[in-house]
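Reader: I'm new to this one. Can you put it up and walk me through it?

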Amino acid sequence: MTAKKSKLRDLLLDAAHVIFGTFIYAIGNYCFTAPNDIAPGGASGIATMLKALFGLPLGVGTLLINLPLLILALVVIGWKFTVRTLVTIATMTFFYDFVLVYFPTYKGDPLLAALYGGVIMGTGLAIIFMRDLTSGGSDIVAKVVQVKRPDMQMGQLLMMFDVVVVLCSGLVFGKVESMMHAGIAIFVYTQVIDIILYRRGRGKVIFVISRKGPEIARRIISECHRGVTILNGRGAYTNVSTNMLVVAMKSRDYFKLKTLAEEEDPRVFIIASDCGEICGNGFRPGDTPATILPPLEDDQAQLPIGEQTPTLS
């Protein structure tokens, strides 16, 4: 693929994620949280309060809140980030004030509104974040602060701003329930974002320590269809040479590996650790299964691993 075609492809993908992501996010806020006096943090939460106080449309309120932040981002961060964020905000404003006005809104149980709104908003934000885009509002402030204070974590900054907005919503709507439901919505959409962005890549990293490492490794490759790395080790207490296998796999496949390892070596020592994300060769769609190798004659020999590792099933 030429550089020009690659750039066009990236531009089209950015546009698709902006359109679908902002549309889904706007549905969650416009149709569920805003009608039930729930301000779920960020610029959308402030816009929800402005609508309740002054009747300002959600789209106009979101745009007005973000304009000074965009100027600040242009000065501190740069034009590329500012332009990309402006496009996202403008698209969301369009959906708020020109499209969703024809959609029905839910005004009923605030708890249901917080739950459903949180799920929908989280899905939209995850689609936006997939292309390293931002939704504006507190995202801009967090980025600006992080430029000046890189030691501060993004998640902590966003949480601080959301807490301030939620506390203000209790004053604006005059009821503590609004703050509680806003907290539920924020919790739900952050969990949804994590599930969509990271859960597909989650799994386990397994460390298998055994003198029968090559035999166990061969069965892992042939029966679990996972690649294996063999490390040579020595017990500090026994001073006996041993093998340590390192395997990355989906959590659901761990029991199968544990069973076959214990079948080969009843004294096997296994350490299983949860992994936030597994990526790379073998964990992408279309990667082929691991090469099945002939038996090793020497249990201390190094197991040659195939060039390709298997895909996730």
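Reader: Which helix does W79 lie in?

Author: W79 belongs to helix α4. Keep in mind that this is a predicted model.

Reader: Is W79 buried or exposed?

Author: Exposed. Its relative accessible area is 62%, and the cut-off for exposed is over 50%.

Reader: New topic. How many salt bridges does the structure hold?

Author: It holds 10. One of them is between the side chains of K204 and D274, at 2.7 Å from N to O.

Reader: What does the K204 and D274 pair tie together?

Author: Parts that are 70 residues apart in sequence, because K204 lies in strand β1 (residues 203-210) and D274 in strand β4 (residues 269-275).

Reader: Is K204 buried or exposed? What about D274, buried or exposed?

Author: K204 is buried, with 16% relative accessible area. D274 counts as exposed, at 62%.

Reader: Which residue does R219 meet in a salt bridge?

Author: R219 meets E223. Their side chains come to 2.8 Å, N to O. Both sit in helix α9 (residues 213-224), 4 residues apart, or about one turn of the helix.

Reader: How accessible are E223 and R219?

Author: E223 is partly exposed, at 30% relative accessible area. R219 has 19% and counts as buried, since the cut-off for buried is under 20%.

Reader: And where do K258 and E262 lie?

Author: In helix α10 (residues 254-264). They are 4 residues apart there, about one turn of the helix. K258 is partly exposed at 28% relative accessibility, and E262 is partly exposed at 36%.

Reader: Which residues do salt bridges with shared partners join into one network?

Author: R9, D10, D14, R84 and R131 are joined that way.

Reader: Let's switch to the sheet. What order do the strands have?

Author: β2-β3-β1-β4. It is an open sheet of 4 strands, and the pairing is antiparallel.

Reader: Which strands stand at the edges?

Author: β2 (229-234) and β4. Each has a single partner strand, so one side of each is left without a neighbour in the sheet.

Reader: By how much are neighbouring strands turned against each other?

Author: By 20° on average, ignoring direction.

Reader: How many bridges join β1 to β4?

Author: There are 7 bridges, and the two strands run antiparallel. Take I206 as an example: its bridge partner in β4 is A272.

Reader: What packs on the sheet?

Author: Helix α9 does. It touches β1, β2 and β3 (241-249). Its direction makes about 15° with that of β3.

Conventions:
Residues numbered from 1 in each chain as written. Predicted model: local features only at pLDDT ≥ 70, side-chain atom pairs only at ≥ 80, totals over all residues. Heavy atoms only, no water. Salt bridge = Lys/Arg side-chain N within 4 Å of Asp/Glu carboxyl O. Buried < 20%, exposed > 50% of the residue type's maximum accessible area, 1.4 Å probe, protein only. Pairing = 2+ DSSP bridges. Axes fitted to C-alpha atoms, helices over the stretch in contact; angles between N-to-C directions. Contact = heavy atoms within 4.5 Å.
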